[in-house]
Each structure stands twice: as structure tokens, then as C-alpha cells.
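Look over the structure first, then read on.

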Amino acid sequence: SSDLILGREAARVLGTKHFEVGAGVPETWHRLACAYESWREAAHRENNDPRLLWSGDGGDRVIAPVNLSPSVVAQLRAGEVRRAIVTYLKDEHVALPRRLFRESVYAQVRDLHLRGIETEIDRFACEDPGRRFHLYVLSNESRGNIRNHFEDYDLHGIEIVMPFYDSEFVRVALSYRFDMFLQHRLYLHWLHHLPAAIGSVPWQAYPTSLPCPLPMPPGLQSQWEAWHTPAEVALKRRRQREA
């Protein structure tokens, strides 16, 4: 995968310590906990050592809202809230499965999720209408994204340090114009002020972000093409059935 190869190359160029763990369970947060235990064992960490893990979670929500395409923002600014929601869900590959419902029931619930998001967006009054969807994401999806980790905190005891979700950092970020954060513009601007080695390794650009200017090594699979291998997908489905 691109993450594996590019992460390894970035560590080599930057001279940082690098640890890899083989394939595990497909669920993101469970995999993180398993990888962390593998690292602690390899590093000979004592059980009473603080179980702290730095995470960049929130960077793609606070200062690089990757799931907000220019189309979504433009539609919000034009007052087309429902259309923006439909575009957003299409970009995120989210839909209400029709075959789960009888025809009479589906007619009643088919736009329930749209109305729910619309109600949430209406809670936020902003000078820039495009920012309203950003606030919706921060207030709802950001929490949902990390929820499963905290649900299992009693099992793994890992305290994740997430500076991008620091309340003062979020407050300052929201005080700037929204457009500078779209499509990873701020990240690309930062590269010009950081050591050259950091920008010498290509990265996976999100489909809605500005493209990486560096050529990708041939033969790599982007995580946007497939999150999991076929074997991992089969394992994930089996675990879901057993649950």
C-alpha cells in the first residue's frame, strides 16, 4: 500500500525511528491498539509506563476539512443547503440502503438523514455560509470518528494526545478565512517553510484535495481505491456477523 511504502521512505529521509507491524484486524481503532501493543513489546516498555500516543487526528477536520469539496462550499454559499448535503453524501459514498426497507416505509424515511443534517447545519449562524458545514463536521463527525477508541478505553488504556483538537487551537483556526483551509492549501503552503526533506517524499492526496506535485512510485495502491485487502474485508464481515 502507499501508506506502507511512503511512510517507510519518509522515515528514511527524515531520519526518524520507524516501526512497522503486519496486517491485523480491519477495524481502525482496534488495529491501532494491537499495533501499539506490538510496539510496546518490541520497545520493552514496562506495563506501568504512561500509555500515551500522539495522533494527528483532527488535522483533516480542523485545518484541512478533506470531506468538504469546493462544490459543497459553493452550493452552501448559494443558499442551496439540501443540494450541498446531497453532494457531500455522494462524495463520501454514503446513502440510505433502499433494499433494507419495504416500499411504504422507505417513502417515509428516504430523506430522514438529509433532514437530520439540514437541522444540524441550521444550528450554526456564520458570516460565511460555507463555514456552516465545517462546523457541522466538527460537532458531529469528528466525535463519531474517534468514538470507538474511547468506547474501548477500559480495554486498552491508551490515552491519545490530539493537539489538533485542542480547544484554543480550534478557536484560532476558526478565526481565519475558510478558503485557505480547503483542499489542503494550508498544508501545501507550510511545505515552503519546512526543511526541504519533508517535501521530497510524495504523499497520498485526498480525491478532493490539490494533487501531490511529486510523482508516485509505480505499482502502489492508494487507500482511496480500497481501504482493505480482500482478505481483510472477509475477516471484517466475519467479525461483524459473529458480533
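## The second largest pocket

A pocket is found on a 1 Å grid over the protein atoms alone: it is an open set of points where a 1.4 Å probe fits, with protein on both sides within 12 Å along at least five of seven lines. Grid points are joined across faces, edges and corners, and a volume is the space filled by probe spheres set on the points. The second largest pocket holds about 150 Å³ of space.

Lining residues have an atom within 4 Å of a point. Among those of the second largest pocket are Arg77, Glu127, Asp128, Tyr176 and Phe178. Its lining divides into six charged, four nonpolar and one polar residue. Here Asp, Glu, Lys and Arg count as charged; Ala, Val, Leu, Ile, Met, Phe, Trp, Tyr, Cys and Pro as nonpolar; the others, Gly among them, as polar.

## Basis of the model

This is a predicted model: local features need pLDDT of at least 70, side-chain atom pairs count only at pLDDT 80 or more, and totals for chains, interfaces and linings use all residues. Residues are numbered from 1 along each chain as its sequence is written, and side-chain values use heavy atoms, with hydrogens and water left out.

## Aromatic pairs

The whole structure has six aromatic pairs. Rings of Phe, Tyr and Trp (its six-membered ring) pair if their centres lie within 6.5 Å; planes under 30 degrees apart are stacked, over 60 edge-to-face, the rest tilted. The ring centres of tyrosine 88 and phenylalanine 133 are 4.6 Å apart and the planes stand at 45°, so this pair is tilted. Tyrosine 88 sits in helix H5 (residues 81-91) and phenylalanine 133 in helix H8 (residues 131-151), so the pair ties together parts 45 residues apart in sequence. Helices are DSSP runs (H or I, at least four residues), numbered from the N terminus.

Phenylalanine 133 also pairs edge-to-face with tyrosine 136, at 5.5 Å centre to centre and 80° between the planes. Both are buried, meaning under 20% relative accessible area (1.4 Å probe, protein chains only). Tyr88, Phe133 and Tyr136 form one aromatic cluster.

## Nonpolar cores

A nonpolar core is a set of buried Ala, Val, Leu, Ile, Met, Phe, Trp, Tyr and Cys residues joined through side-chain atoms within 4.5 Å. The largest has 19 residues; Leu68, Ile85, Tyr88, Ile117, Ile121, Phe133 and Tyr136 touch the most other members. H5 gives the largest share of this core, five residues. A second, separate core of eight residues includes Phe164, Val170, Phe181 and Leu186.

How values were computed: Helix = DSSP H or I, 4+ residues; strand = E, 2+ residues; numbered from the N terminus. Buried < 20%, exposed > 50% of the residue type's maximum accessible area, 1.4 Å probe, protein only.
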